[in-house]
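Keep the structure open while you read.

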Amino acid sequence: MTEVLQAGLWGLVAGSALLLGAVVGYGLRVPQWVIATVMAFGAGVLLSAVSFELLGEAYEQGGLPPAVVGTLVGAGAYTAGNIWLARRGARHRKRSGHHHDQTQPSEQQQSGSGLALAFGALLDGVPESAVIGVSLLDGGAVSMVTVAAVFISNVPEGLSSSAGMKKAGRSKAYVFGVWGAIAAASTLSAVLGYTAGSHFSPTVIAAVTAVAAGAILAMTADTMIPEAFQDAHLAIGLVTVSGFLVSFALSHA
């Protein structure tokens, strides 16, 4: 199998977790404490993967300046896109709708919010998938830690967001259409991450990896952690640390 196909396959695997989570979140009435728990675990997994896989790799390839600048650029770009989408109804796209002041708007409440939610899901998913493709450039083998981290974190993202979409009155066709499209976009993003990165120097690849890391960190802080700690039970911190350690163990296995 060519490396381009490998990149697409692993991007699809990671992206399909969003669809899996959406099926559970839309089809079942999941208790809020369960959503908070899986969100906390997924946030811990991503925080660890960013620290030890992405930023660590960026630093080793290009040194401190590309890692720092790339991370700030990624976080800034994500934040700018997030602000734009928030003004169009996608502020609480990862929320399950448990709290009335943090629910996703319906199309009747805010016209165009459905499209904004879809673009928000794309904004959240593209950086994660792109680094899967970029990871293939280091020795021709995908980083299974990165794939596992993205897959594990995508399940609670899809679960919580689809539950919120359902409460906002979105149709089944809309919900699964969005997440199916994002799974397909994840495939394409991983392929583009590999093909575009293959033409760059190690320093540029390091900066690109750091850009993705910054975007993922900003996404985790803005959309995952708030949902995880909204109804925090006493063990939520331990759950987050457990997710962090699982990803840490995978990266050092």
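Predicted model: local features only at pLDDT ≥ 70, side-chain atom pairs only at ≥ 80, totals over all residues.

Threonine 79 is partly exposed, at a relative accessible area of 38%; on this scale buried means under 20%, exposed means over 50%, and partly exposed is what lies in between (1.4 Å probe, protein chains only). You'll find threonine 79 in helix α3, residues 64–90.

Residues are numbered from 1 along each chain as its sequence is written, and side-chain values use heavy atoms, with hydrogens and water left out.

Now the overall layout. The protein has eight helices and zero strands, so called because helices (H or I, at least four residues) and strands (E, at least two) are DSSP runs, numbered from the N terminus. Read from the N terminus, the order is simply α-α-α-α-α-α-α-α. Of the 253 residues, 48% count as buried.

Alanine 212 lies in helix α7, residues 202–230, and its relative accessibility of 8% is why it counts as buried. Between the C-alpha atoms of alanine 212 and alanine 75 there are 8.3 Å, against 137 residues along the chain. Helix α1, residues 3–27, holds leucine 18, which is buried with a relative accessible area of 3%. Leucine 18 is 132 residues from valine 150 in sequence, and their C-alpha atoms are 9.7 Å apart.

Over in helix α2 (residues 32–62) sits serine 51, partly exposed at 37% relative accessible area. Serine 51 and phenylalanine 244 are 193 residues apart in sequence, yet 9.9 Å apart from C-alpha to C-alpha.

On to α5, which spans residues 144–167. Its 24 residues reach 35 Å from first C-alpha to last, close to the 34 Å expected at 1.5 Å a residue (the expected span being 1.5 Å times one less than the number of residues). Is this helix enclosed or open? Since 17 of its 24 residues are buried, α5 is largely enclosed by the rest of the structure. After α5 comes glycine 169, with a positive phi near 90°.

Together with Arg29, Lys166 and Lys172, Lys167 gathers in a patch of positive charge on the surface. Patches are made of residues with over 30% relative accessible area and no salt bridge, with like charges joined within 9 Å and nonpolar side chains (Val, Leu, Ile, Met, Phe, Trp, Tyr) within 5 Å. A salt bridge here is a side-chain nitrogen of Lys or Arg within 4 Å of a carboxyl oxygen of Asp or Glu. Lys and Arg count as positive and Asp and Glu as negative, with His and the chain ends not counted; each charge is placed at NZ of Lys, CZ of Arg, CG of Asp or CD of Glu.

There's a nonpolar patch on the surface as well: Phe52, Val241, Leu245 and Phe248, with about 330 Å² of accessible area together (Shrake-Rupley method, 1.4 Å probe, and for residues only the protein chains shown count as cover). Helix α8, residues 236–251, gives the most to this patch, with three residues. Leucine 245 is found in α8, and with 47% relative accessibility it counts as partly exposed.
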